[in-house]
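Work through the exercises below with the model open. Each task is followed by a solution in steps.

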Amino acid sequence: MPFDSIFFDLDGTLWDSRVGVCDSWNRVLSRNGVHRCFSVPFLSSFFGKPMTQIFAEIFPDMPAEKVNQLRIECCAEENDCLLQGGTILFPGVREVLERLSRSYRLFIISNCQSGYIETFIEAHSMQPYFTDHISWGDTSLSKGENNLYMMRKHGLVHPVYVGDAAVDEQSAADAGIAFIFARYGFGSVSAYDGVIDSFCELEAVLPQAEQAFMVRSRRE
């Protein structure tokens, strides 16, 4: 059965926002007298996790109220910063999404905070290409649960998830759908139905992933 829709992760799959996120978080820390300065490689290891988990891991000894305050300020600061620029679309993203949107329903499903996907869409004028989007910040649900929610909401039968990290692989497994690994991104995975080393390869890999998923489903 052909895919009827494509679910996309955001960070490490569609864009690279790490510099903007790092700069905005460092400004918040400085304003609050927190003597830490994050680097891009350090923050990269946390991308893909829900924000509450990220801040709990970064500041394990800080009072929870202070951690929550920093998290809220950092989320607001980064959304404002990224809306003004400081992000990079991976090569071919706009052109490939435009073509894919003619044949598939496209969605973004991310573990980010509320407003982050909207920032991506507005900053890069992506409104014409996506049917819908949902984030952990909107629902407090896992990415796999959000996959299932979107399938029920839109009557989707055979989506494929495209992402760059183990959490994306797991979310596809949780929803019982195919997974394509964006190997050019920030993470690593253990299994996939298809793999791309650039976003421009996605169109060619989709039929291969459909076949691989069907074979795997029969075995399981």
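**Exercise 1.** Leaving aside its neighbours within four places in sequence, which residues is Ser 171 in contact with?

*Solution.* The model is predicted: local features need pLDDT of at least 70, side-chain atom pairs count only at pLDDT 80 or more, and totals for chains, interfaces and linings use all residues. Residues are numbered from 1 along each chain as its sequence is written, and side-chain values use heavy atoms, with hydrogens and water left out.

Step 1: contact means heavy atoms within 4.5 Å.
Step 2: with neighbours within four places in sequence set aside, Ser 171 touches Lys 143, Gly 144, Asn 147 and Tyr 161.
Step 3: Ser 171 sits in helix α9, residues 166–175 (helices are DSSP runs of H or I, at least four residues, numbered from the N terminus).

**Exercise 2.** Is Ser 171 buried or exposed?

*Solution.* Buried means under 20% relative accessible area, exposed over 50%, partly exposed in between (1.4 Å probe, protein chains only). Ser 171 has a relative accessible area of 1%, so Ser 171 is buried.

**Exercise 3.** How are α3 and α4 oriented to each other?

*Solution.* Step 1: helix α3 (residues 51–58) and helix α4 (residues 64–83) pack at an angle of about 125°, their axes 10 Å apart. Axes are lines fitted to C-alpha atoms over the stretch in contact, and angles run from 0 to 180 degrees between N-to-C directions.
Step 2: angles under 35 degrees count as roughly parallel, over 145 as roughly antiparallel, 65 to 115 as roughly perpendicular and the rest as oblique. The two helices, α3 and α4, are therefore oblique.
Step 3: the residues making the contact include Met 51 and Phe 55 of α3 and Leu 70 and Cys 74 of α4.
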